[in-house]
Amino acid sequence: MPNLIQDKYSWSSAIPNKKFWQLSDQEIQLSSPWIHSKLQDVRARLFVDAMKLHYSFIINSSDCISNNFKAMKQVLTSGKWPSDSQYLLKHIWAVFFLVVPSVSTTFASFSKLFKGLNEAESLGWLLVDEAGQSCPQEALGAIYRAKKAIIVGDPLQVQPVTTMPSAMNDTLLEYYQVDKTWSVLEESVQTLSDRVNVYGTEIIKDANSQWVGCPLRVHRRCIEPMFSIANKIAYDNLMIQATTQKSSNFDQIYSRSQWFDVQSNEWNGHWCEQEGKEAFKIIQRIIEQTHSLPDLYIISPFKVVADKMKKLLKDKSKYLESRLKPVEKSMLSNWIYKSVGTIHAFQGKQSEGVILLLGGDPSKPGAINWASNIPNILNVALTRAKYKFFVIGNYKLWSSKPHFQDLATVIPLTKITNEISHIAEKEEA
């Protein structure tokens, strides 16, 4: 049969016959089986015709739909609906989704937005993005109300933030005789979803294994060295590189990613002003060369470092504005707000370059150990950067920590002495 199909049509991708499954793992992962140019054309035409039919139905039912939208306005603006007509809410939302196919919200706002929809499976599809950041209990109400759910996330990136004390969590588990594998401090919506997914793979790290459901292994964002470091520290080298563009706007200014080694004894909590000044130099140099706001994130594991860096940039805003094109001067404040933050603020985002501003008071090693014991924080920072990755921080301190050891062996080192950068005698890996 595959031979007949192959002879009859001109396929633009592989047909999964016996020969196909003998290909290498990388070749299989990079392929898109059963894609035929004529079939794709028919699919596209079918979609367009379906949208035309959809549009025609809405136009010819405009009176009924308009009445439903008036009711929907009342639901959304006042949040009130007659208790004896609660059964109508499901139908009002159905008409709304006919015109507006998807609604975006947060778990915190879900109960308010869909107030009155209390029945199981009262909604169609639920799509949860960044599920690795979500606590299981946060998604419970949304999943209960959905007929089907698609859970998308990465359990090896930022973990959920929960304010429940560990002692209270342990007491509740013991009282209700619940196994620790269901602990809300250790699990996420993603890990629990993966657990019931029969399709997946084991990722082995430090003699421990983790089941990941339906892993999308082909990576199309980062170039080296970010890809290989993240692949090693977090994904057991299972990712496959498929990033095509290799150059960026930073190439003429910084030809390579690098680690700026800042040695300082002056600390304000986890904030080191000299590290902040070094980050400012990078931004200053890029703006002076391009006269534009850079596609660059400044990320830190610590909130105080991010806040102090924002303040430093705001204090220097007049100087930076004088180097910007007139059209971009008014955008500087918003750029600072959106481009500087903690790791948690940037998951799911990407930029041409990333500055990882480490901070970390050497006299408080507990916080540094927290940031380095698992690969998640470094993994997120690395994989935000498409083309350039700059690390600013104490090399001796951080390079001895788990996962940062792997970073230190690959990324070139630049020593900062008396405010002057000196390239270390270290070959780029």
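I looked up H403 to begin with and found it buried, with a relative accessible area of 6%. The model is a predicted one. H403 lies in the loop between α18 (395–398) and α19 (404–410). Its phi is positive, about 70°, although H403 is not a glycine.

I then checked C214, where phi is also positive, about 45°, and the residue is again not a glycine. C214 sits in the loop between β4 (208–213) and β5. Its relative accessible area is 46%, so I noted C214 as partly exposed, since the partly exposed class runs between the buried limit of under 20% and the exposed limit of over 50%.

Next entry: peptide geometry. I found a cis peptide bond joining E224 and P225, with omega at about 5°. P225 belongs to the loop between β5 (218–219) and α10 (226–234).

I went on to helix α11, residues 273–290. I compared its length with expectation: at 1.5 Å a residue, its 18 residues should span 26 Å, and the end C-alpha atoms are 26 Å apart, so the two agree. I listed the buried residues of α11 as Q274, E275, G276, E278, A279, F280, I282, I283, Q284, I286 and I287. For reading such a list I kept in mind that an α-helix has 3.6 residues a turn, so residues three or four places apart point the same way. Just after α11, I noted that H291 takes a positive phi of about 60°.

What does S300 touch, leaving out residues up to four places away in sequence? I found V305, A306, G341, T342, I343, L357 and L358. S300 itself is in strand β8 (residues 296–300). Its relative accessibility is 1%, so I put S300 down as buried, the cut-off being under 20%. A polar atom of the S300 side chain lies 3.1 Å from the backbone nitrogen of F302.

My last entry concerns the surface. Which residues form the nonpolar patch there? I wrote down M168, L172, Y175, Y176, V178 and W182, with about 690 Å² of accessible area together.

Terms used. Residues numbered from 1 in each chain as written. Predicted model: local features only at pLDDT ≥ 70, side-chain atom pairs only at ≥ 80, totals over all residues. Heavy atoms only, no water. Helix = DSSP H or I, 4+ residues; strand = E, 2+ residues; numbered from the N terminus. Buried < 20%, exposed > 50% of the residue type's maximum accessible area, 1.4 Å probe, protein only. Polar contact = N/O pair within 3.5 Å; in protein donor to acceptor, adjacent residues only side chain to side chain. Contact = heavy atoms within 4.5 Å. Patch = residues over 30% accessible without salt bridge, like charges linked within 9 Å, V, L, I, M, F, W, Y side chains within 5 Å. Areas by Shrake-Rupley, 256 points an atom, 1.4 Å probe, with all protein chains shown as cover. Salt bridge = Lys/Arg side-chain N within 4 Å of Asp/Glu carboxyl O. Expected span 1.5 Å × (residues − 1).
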